[in-house]
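Okay, thanks for making time, everyone. Let me put the model on the screen and then walk you through the contacts I looked at.

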Amino acid sequence: MKTKSGDFVLPGDALGVTEEFVPSDWTYEDDGSIRSLIAGTVSLDNKNKKISIVPKTSSPSILKSGVAVFGQVSDVRGQRALIKLDSIKDNNRGLVTSFSGGIHISQAQKGYVAKLTDEFRIGDLIEARVTKIIGVDNVDLTTAEDELGVLKAMCTKCRHYMKQVSKNEVKCPNCGNKERRNLSTKYEG
Ligand SMILES: [Zn+2]
């Protein structure tokens, strides 16, 4: 186990195993491994056996239209998916304030989308592109490009991350549940 407090990590980096540690802030469990959701610094709590990440801060001014970002789906409601932004792709820098982004159903993918829940679900990790800054902490996003969309899909039944089985379908290795998603061509699993 090489990770130690103060190490700088990127989204998806392995931090430890669930046999030894409990995943805490800004981490997730992936098949027994604990990984970072964001770019940041590792914080190990050896007493309580917890691993968390302290987000790396940076100037929010670098968030602008056209920039690709990583985030996590926090809600899917009606015509809009809400995304909590984690970091900017190009420099892997975190965001100093918590930005939220919205993806309108018309911006989910190139073609027609009947149900937004066939595109995204709560907990999914996604890559998206900023189309418009609409407030100090709020942006509009699009995933209507092949490389954009869901990078990791979270099972709605048991919260495990799922494996890709076809262009638009994932399957849960834990419970066998199959779901549809707008998968990025860079889907991780
Ligand atoms: Zn499942």
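**Salt bridges, strands and a zinc site**

Let's start with Glu127 and Lys89, whose side chains meet in a salt bridge at 3.2 Å, N to O. By salt bridge I mean a side-chain nitrogen of Lys or Arg within 4 Å of a carboxyl oxygen of Asp or Glu. That pair links distant parts of the chain: Glu127 is in strand 12 (residues 125–135), Lys89 is in the loop between strand 9 and strand 10 (93–94), and they are 38 residues apart. Strands here are DSSP runs of E, at least two residues, and helices are runs of H or I, at least four residues, all numbered from the N terminus.

Quick housekeeping before I go on. This is a predicted model, so local features need pLDDT of at least 70 and side-chain atom pairs count only at pLDDT 80 or more, while totals for chains, interfaces and linings use all residues. Residues are numbered from 1 along each chain as its sequence is written, and side-chain values use heavy atoms, with hydrogens and water left out.

Back to Glu127: buried or exposed? Glu127 counts as buried, at 3% relative accessibility. The cut-offs are under 20% relative accessible area for buried, over 50% for exposed, and partly exposed in between, with a 1.4 Å probe and protein chains only. Lys89 is partly exposed at 30%.

Glu127 also forms a salt bridge with Lys186, with the closest N and O atoms 2.9 Å apart. Here too distant parts are linked: Glu127 in strand 12 and Lys186 in the segment after strand 17, 59 residues apart. Lys186 is partly exposed, with a relative accessible area of 34%.

How many salt bridges does the rule give? The count comes to 11. One more pair is Asp140 and Arg80, at 3.2 Å, N to O. Asp140 sits in strand 13 (residues 138–142) and Arg80 in strand 9 (residues 80–88), 60 residues apart. Arg80 counts as partly exposed, at 31% relative accessibility. There is also a network of salt bridges that links Asp30, Arg35 and Lys152.

Now, those strands. Two strands pair if DSSP finds at least two bridges between them. Strand 9 and strand 11 (residues 100–104) run antiparallel and are joined by 5 bridges, and Lys84 stands opposite Ser100 in strand 11. Strand 11 then joins strand 13 through 4 bridges, in parallel, with Leu141 in strand 13 as the bridge partner of Ile103.

Elsewhere, 4 strands form an open sheet in the order 1-6-7-3, with mixed pairing. Strand 1 (8–9) and strand 3 (22–23) are at the edges with a single partner strand each, so one side of each has no neighbour in the sheet.

Last stop, the zinc ion. Which residues coordinate the zinc ion? They are Cys155, Cys158, Cys172 and Cys175, each through SG, at 2.3 Å. Donors are N, O and S atoms within 2.8 Å of the metal (3.2 Å for Na, K and Ca), and water is not among the atoms, so sites may look incomplete. The 4 donor atoms subtend angles of 99 to 121°, so the arrangement is tetrahedral, a label for four donors with all angles between 85 and 135 degrees. In sequence, the donor residues are spaced C-x2-C-x13-C-x2-C. Both Cys155 and Cys172 are buried.

Notes:
Four donors count as tetrahedral if all angles lie between 85 and 135 degrees; four count as square planar and six as octahedral if opposite donors are over 155 degrees apart and all others between 65 and 115; anything else is irregular.
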